[in-house]
Amino acid sequence: KRKNFYSLASQAFVILFCSFHKVAIQHSLLKLIIKTYSIMHGGRARTFTEESYPSTSYMVVEGEDGEMNLAEINDSDRPLPRDLFVNDKQSVQIHAQLEDDEDDNLTPFLLSSQPTRINGLNMLNVATYIMHLFVSYGVGVWGLDGLVSTRVQIAQKYETLVTPAPWAYYIWIPILMTETVFVIAQLFPEYRSRPVIQQGTSFFFFYTCLLQTGWTLFFAFECFILSFVCVILSVISLASLLTSQHLAQVGGRKSHEEFWFFRFPFCLHFGWMTVMAAVHFSLLIRYVASHHIETQLASDIVAMGILLPVACFFLLKTDGYNFIIPAVILWSYVGMATRLHDPSDKLVEDYGEMVVSAVHQSLYFFIGIVASLLGPRLLIWICNEYYTIRVINFNDEDRSSFWNGQTGQV
C-alpha cells in the first residue's frame with residue numbers, strides 16, 4: 001500500500017509540475033521520483049546513466065475536459081541528443097535542451113538504472129598518470145641510473161636565493177599519493193560519471209600529466225627555457241582544471257567527499273607548481289645571466305615577492321577551501337628561509353653575506369604575513385563547516401528557481 005501511495009503521489013506531482021512549466025517528460029522519470037521517496041525512507045540509490053534510452057517520450061497536455069494527460073511523442077520525429085545524461089546517487093544532472101529544438105514544450109528527461117561504464121577519459125587519466133609517475137621517478141629522482149642529473153643535483157648546481165631546502169620537496173609525496181587516490185577513485189561506478197570528473201576534470205588532468213612529463217625531461221637535460229614553458233603551462237592547466245571543477249558543481253552543490261577525492265589533490269599540486277614556476281624563473285635567469293649578479297638578485301626578489309599576492313588572493317576569498325594553496329606557499333617560504341639560515345659557500349661568495357642575510361630576514365616577514373592571514377582564515381573555515389547552522393529563506397521566485405535547478409536530483 002505504501003508503495004502504491006508513493007507511485008500515485010509521484011505521478012500527481014510530476015503532472016502538476018510539468019503542466020505548470022510546460023515541459024515534456026519521459027515516462028521513466030516517474031521511477032526517479034519513486035526512487036527519491038525510497039531513499040528518504042532508507043533506500044539506496046542506483047547509478048543512472050545514458051546506457052539505455054526509453055523508446056517513448058511523453059509531454060503533458062490539457063485535454064478538452066480540462067484534465068491533464070500524457071501525450072506520446074514520436075522519438076523518430078524528435079530524436080534525442082546523445083549527450084544527455086544523469087549521474088549517480090549524489091548528483092543527478094539533467095540537460096534539458098533538444099538539439100535544434102524550437103519548441104520549449106518538448107524537453108526530455110533520460111533515466112536508466114544500468115551501471116555506468118568506464119569511458120575513454122577514465123582510462124586516459126590512468127594511462128597518462130602512470131606515464132607521469134614513471135618519468136618523474138625514473139628521470140627526476142633516479143636519473144636513469146646516472147645517465148642524467150636528478151632534480152636535486154640540478155637545483156644544487158644552479159642554486160638561487162629562493163631555492164627551497166631539500167625537505168620542502170617532500171611535498172611531492174602527498175601530491176602524488178592524493179592524485180593516485182583520484183586516479184583510482186574515478187574508476188569506481190559511483191564516481192566515474194560525476195560532473196566533477198567528466199565535465200570538471202575533463203582533459204585538464206591529461207594535459208597536466210603531459211606537461212609535467214615534458215618538464216621533467218627538459219629539466220633533466222638542462223633545456224631550461226622549454227622546461228620553464230612547461231611549468232607555466234602546467235600552472236595554467238591546473239588553474240583551468242580547478243575552475244572547471246568549480247563550475248561543474250550541480251546546482252552549486254558542494255560535497256566534502258568530492259573535494260577530498262577530486263579537488264584537494266589539484267589544490268596541492270597547483271600551489272606547489274606556482275612555487276616551482278617562481279623558483280624556475282629565478283633558476284632560468286641565473287642560467288642565462290650567470291655573470292650578472294645584479295640581474296640574478298633582482299630575479300630572486302621578484303620570484304620571492306610574487307608568491308605573496310598569490311597567497312593573499314586566495315586567503316581573502318571567503319568561499320571553499322582557499323587556505324590550502326596559501327598553506328603550500330607558506331611551506332615554500334619556510335623551506336627557503338631554512339636553506340638561507342645556513343647558506344652554502346657559493347651563495348655567500350656570489351651575493352655577499354649581507355645580501356643573503358637581508359633576503360633571509362625578508363622571508364621571515366613574508367612567513368609572518370601569510371601565517372597571520374592563514375590562521376584566522378582556517379579558524380573561520382572550521383567554524384563555518386562544523387559550528388554553523390545554515391538557514392535558507394526562499395521567496396516565491398527563489399523557490400521556483402530552486403526546484404527548476406534541483407528537479408531530478410537525488
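Q: At roughly what angle do the axes of helix α3 (residues 120-141) and α6 cross, and within what distance do they come?

A: Two packed helices are described by the angle between their axes and the distance between the axes. Axes here are lines fitted to C-alpha atoms, for helices over the stretch in contact, and angles run from 0 to 180 degrees between N-to-C directions. For α3 and α6 the axes come within 10 Å and cross at roughly 155 degrees. That makes α3 roughly antiparallel to α6 (angles under 35 degrees count as roughly parallel, over 145 as roughly antiparallel, 65 to 115 as roughly perpendicular and the rest as oblique). The handedness of the crossing of α3 with α6 is left-handed (left-handed if the near helix is turned anticlockwise from the far one by less than a right angle, right-handed if clockwise).

Q: Which residues make the contact of α3 with α6?

A: On α3 they are N125, V126, Y129, H132 and L133, and on α6 they are L176, E179, T180, F182 and V183. Contact means heavy atoms within 4.5 Å. By class, the contact of α3 with α6 has six nonpolar, three polar and one charged residues. Ala, Val, Leu, Ile, Met, Phe, Trp, Tyr, Cys and Pro count as nonpolar, Asp, Glu, Lys and Arg as charged, and the others, Gly among them, as polar.

Q: What kind of model is this, and how are residues numbered?

A: This is a predicted model, in which local features need pLDDT of at least 70, side-chain atom pairs count only at pLDDT 80 or more, and totals for chains, interfaces and linings use all residues. Residues are numbered from 1 along each chain as its sequence is written, and side-chain values use heavy atoms, with hydrogens and water left out.

Q: How many helices and strands does the protein chain have?

A: The protein chain has 15 helices and three strands. Helices (H or I, at least four residues) and strands (E, at least two) are DSSP runs, numbered from the N terminus. Of the 410 residues in the protein chain, 46% are buried (buried means under 20% relative accessible area, exposed over 50%, partly exposed in between, with a 1.4 Å probe and protein chains only). Of the contacts between residues at least 6 apart in sequence, 76% join residues at least 24 apart.

Q: At what angle do α9 and α10 pack?

A: Helix α9 (residues 224-247) and helix α10 (residues 256-288) pack at about 155 degrees, with axes 9 Å apart. The two helices are therefore roughly antiparallel to each other, and α9 passes α10 in a left-handed crossing. The contact of α9 with α10 contains 21 nonpolar, seven polar and one charged residues.

Q: Which residues of α14 are buried?

A: An α-helix has 3.6 residues a turn, so residues three or four places apart point the same way. In α14 the buried residues are V356, V359, H360, L363, F366, I367, V370, L374, R377 and W381. They pack against α11 (293-315), α12 (324-341) and α13 (345-351). Helix α14 (residues 353-386) has 34 residues and reaches 49 Å from its first C-alpha to its last, close to the 50 Å expected (1.5 Å times one less than the number of residues). In α12, which is mostly covered, 13 of 18 residues are buried.

Q: Where is A168 found, and what does it touch?

A: A168 is in the loop between α5 (151-157) and α6 (172-185). A168 has a relative accessible area of 0% and is therefore buried. Not counting residues up to four places away in sequence, A168 touches W272, W331 and G335. A168 and R339 are 171 residues apart in sequence, and their C-alpha atoms are 9.9 Å apart.

Q: Why does L211 count as buried?

A: L211, in helix α8, counts as buried because its relative accessibility is 17%. Leaving aside neighbours within four places in sequence, L211 is in contact with C230, L233, S234 and S237. The C-alpha atoms of L211 and S234 are separated by 5.8 Å.

Q: What is the phi of S202?

A: Most residues other than glycine have a negative phi, and most peptide bonds are trans. S202 is not a glycine, yet has a positive phi of about 50 degrees. S202 lies in the loop between α7 (195-201) and α8. E222, in the loop between α8 and α9, is also not a glycine and has a positive phi of about 60 degrees.
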